[in-house]
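Okay, everyone, thanks for coming.

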Amino acid sequence: GFPLSLNENSDRYTIDLGSLYPGVKIQVRTFKEFVGVKVLGATETSFGNSVGIIGDFHTGNTYARDGSTVMNDFTELGNEWQVLPSDGHFFHEVSKPQFPEKCMLPENPQGQRKRR
């Protein structure tokens with residue numbers, strides 16, 4: 001595996017891929033019940049053949065699970081990639097929502113605004 005560091009006073013974890021891919025890191029952040037992943041310093045060598053929710057390294061296109069349907073709506077993309085029972089477990093604890101229940105959407109930070 002790769003070294004994992006927890007940044008003090010934050011909900012940020014950094015996975016350093018430098019032993020195999022110098023300068024490349026994966027940053028995982030949590031906010032409430034949401035998880036965000038950012039790849040830092042990605043290169044053709046490190047992520048050129050990657051597949052999945054992060055999309056195509058060369059085009060930036062994001063794809064459905066079938067690997068060919070381009071998805072431009074990030075809400076639909078998230079629902080498409082919701083963890084299924086057949087995917088196994090990714091977390092120590094199982095919590096809601098679980099498929100077939102839909103994922104929770106983040107709240108609008110500006111709240112509901114009415115146009116006049």
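**The sheet**

So, let's start with the strands: 4 of them make an open sheet, ordered β1-β2-β3-β4, with antiparallel pairing. The edges are β1 (4-6) and β4 (34-40), each pairing on one side only. Neighbouring strands in this sheet are turned by 20 degrees against each other on average, direction ignored; axes here are lines fitted to C-alpha atoms, for helices over the stretch in contact, and angles run from 0 to 180 degrees between N-to-C directions.

Quick housekeeping. This is a predicted model, and local features need pLDDT of at least 70, side-chain atom pairs count only at pLDDT 80 or more, while totals for chains, interfaces and linings use all residues. Residues are numbered from 1 along each chain as its sequence is written, and side-chain values use heavy atoms, with hydrogens and water left out.

On terms: helices (H or I, at least four residues) and strands (E, at least two) are DSSP runs, numbered from the N terminus. Two strands pair if DSSP finds at least two bridges between them.

Now strand by strand. β1 and β2 (residues 12-16) pair antiparallel over 3 bridges, and there L6 sits opposite Y13 of β2. On to the next pair: β2 and β3 run antiparallel and are joined by 5 bridges. Y13 turns up again here, with V28 as its bridge partner in β3.

Then β3 (residues 25-31) pairs with β4 in the antiparallel sense, over 7 bridges. Among the facing residues, T30 has V35 as its partner in β4, and R29 stands opposite G36. β3 and β4 form a hairpin with 2 residues between them, and K32 in the turn has a positive phi of about 55 degrees.

Where is T62? T62 lies in the loop between α1 (44-47) and α2 (74-80). Is T62 buried or exposed? T62 counts as buried because its relative accessibility is 11%; buried means under 20% relative accessible area, exposed over 50%, and partly exposed in between (1.4 Å probe, protein chains only).

The T62 side chain also reaches the backbone oxygen of M71 at 2.4 Å. A polar contact, by the way, is a pair of N or O atoms within 3.5 Å; within protein, one must be able to donate a hydrogen and the other to accept it, and residues adjacent in sequence count only if both atoms are side-chain atoms.

Leaving aside neighbours within four places in sequence, the contacts of T62 (heavy atoms within 4.5 Å) include I53, M71, F74 and L77.

That brings us to L77, in helix α2. L77 counts as buried too, because its relative accessibility is 5%. Not counting residues up to four places away in sequence, L77 touches I53, T62, Y63 and M71. L77 and P3 are 74 residues apart in sequence, and 30 Å apart in space, C-alpha to C-alpha.

**One last thing**

Which peptide bond is cis? The one from F99 to P100, with omega near 15 degrees. P100 is in the segment after α2.

That's my tour, thanks.
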